[in-house]
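Reader: I would like to learn how to read a structure like this one. Please show it first.

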Amino acid sequence: LENPEKFANDMKPFLNVQRLYQHALLWGLNEAWRAKKDFTWKGILNFMSRIVESDDFWNDKYKEGSYNYRNWIISQIADLIEDGTKDDNHAFDANLLPQAEKILLIFAKKTESDLYEMKDLVTSVLNSSKGKVFSAMIHYSLRYARLFKGDQEKRWVEAIKEDFDKRLDRKVEFSPEFSLTLGKFLTNLAYLDKKWVIDNISQIFPEYNDIHWKAAFTGYLFYSSMVYEDLYFLLKENGHYTKALQTEFSDAHITERLVQHICVGYLEDWEKLNDNTSLISRLIENKNVNQLSAIISFFWMLRNKLTDKIKAKVNPIWKVLFELLSQNEENPEYQKIISNLSKWLSMIDEIDEQVLEWLKLSAKYIQADFNTSFFIEYLLKHVARTPVKVGEIYLEMLNVGI
């Protein structure tokens with residue numbers, strides 16, 4: 001909308017138009033807000049309140065196969081409230097927060113799940129009306145906390161906390177949208193009330209219910225690019241990382257992120273290779289092809305930002321992986337991993353006798369996952385310092401017909 005204020009100032013006439021047009025109007029206002037255009041929200045929130053407090057809105061029947069404009073409008077209103085609260089530099093007036101809260105609580109009570117795809121749960125929840133409502137509730141709570149409760153330990157909006165408390169019982173809230181949202185916003189929930197997260201960690205990630213546990217942990221892993229020590233140990237001590245290592249996630253990205261978390265734990269000395277109960281040891285002992293591949297990818301991605309701390313961790317884990325993989329080198333899937341291990345040469349300052357042995361194994365299978373070009377490029381950098389060892393490795397490739 002080029003002139004959103006024109007509509008925002010007088011929304012009453014649109015209460016009587018068809019749901020299709022109400023949705024289009026809300027969508028236009030949302031797009032204008034995202035484009036950083038300013039307008040007053042009082043009339044818009046009154047308009048939204050009138051819609052959601054109407055029995056007609058909730059009683060409208062939509063035939064199977066037809067567009068469900070109620071869910072479209074719920075999603076759009078939730079998006080508007082989220083976008084109007086998540087950025088303190090571009091937010092609606094704080095005096096209007098109670099009205100937004102009331103709308104969200106009505107939605108939480110009345111919105112039905114419209115989840116359409118369980119395999120790609122993250123995208124499905126992102127696009128579901130109920131998922132949008134829960135997301136808006138948390139962004140609203142964070143805005144409220146920043147404004148009014150910044151110096152307190154418990155920063156919840158009480159009404160929303162009570163609603164979430166009730167939904168922790170999955171007999172009350174059986175939609176996966178809620179569980180994925182809890183995992184997605186775990187760090188934010190810890191900001192709102194760390195004690196609440198600690199006290200309820202087994203309800204947030206309910207091990208007794210695989211569907212909800214998997215949804216919550218998927219949300220946590222997908223959205224947590226940063227690993228926070230306190231949450232890491234909270235989840236570790238309650239067995240959730242261990243359970244995740246035994247879980248087949250449909251999205252390969254989730255498995256990669258799980259491995260990344262544990263590798264961060266190894267880099268930070270939270271996990272020890274010589275401790276067979278540590279997560280890094282369990283990860284390797286799993287012998288899971290995808291998980292082992294993710295370890296190699298994680299370290300290789302650090303090659304351009306190496307520190308002494310990271311370098312010190314490469315050889316010990318390389319040795320453990322070499323011992324495991326060399327015992328299973330007949331397996332074509334393991335041969336690909338052995339091939340990919342050659343990329344770790346990019347993190348080595350000098351090829352010693354131990355590294356030479358490891359690289360000779362990789363050289364035998366270097367074409368198993370198309371790593372020849374990388375390998376030759378990395379070897380070239382070591383010619384000046386260790387020419388004989390580079391020659392031995394190169395001969396290893398030639399001897400197997402490469």
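Reader: How many of the 20 residues of α8 are buried?

Author: First, the basis. This is a predicted model, in which local features need pLDDT of at least 70, side-chain atom pairs count only at pLDDT 80 or more, and totals for chains, interfaces and linings use all residues. Residues are numbered from 1 along each chain as its sequence is written, and side-chain values use heavy atoms, with hydrogens and water left out. Helices (H or I, at least four residues) are DSSP runs numbered from the N terminus. Buried means under 20% relative accessible area, with a 1.4 Å probe and protein chains only. In α8, 16 of the 20 residues are buried, so the helix is largely enclosed by the rest of the structure.

Reader: What span does helix α8 reach from its first C-alpha to its last?

Author: The expected span is 1.5 Å times one less than the number of residues. Helix α8 (residues 129–148) reaches 28 Å, close to the 28 Å expected.

Reader: Is N30 buried or exposed?

Author: N30, in helix α2 (residues 19–34), counts as buried because its relative accessibility is 1%. Contact means heavy atoms within 4.5 Å. Leaving aside neighbours within four places in sequence, N30 is in contact with Q76, D79, L80 and D83.

Reader: Which element gives the most to the lining of the largest pocket?

Author: A pocket is an open set of points on a 1 Å grid over the protein atoms alone, where a 1.4 Å probe fits, with protein on both sides within 12 Å along at least five of seven lines; lining residues have an atom within 4 Å of a point. Here α19 gives the most, with 6 residues. The lining has 19 residues, and E256, Q260, A294, S297 and F298 lie nearest the centre of the pocket.

How values were computed:
Helices (H or I, at least four residues) and strands (E, at least two) are DSSP runs, numbered from the N terminus. Buried means under 20% relative accessible area, exposed over 50%, partly exposed in between (1.4 Å probe, protein chains only).
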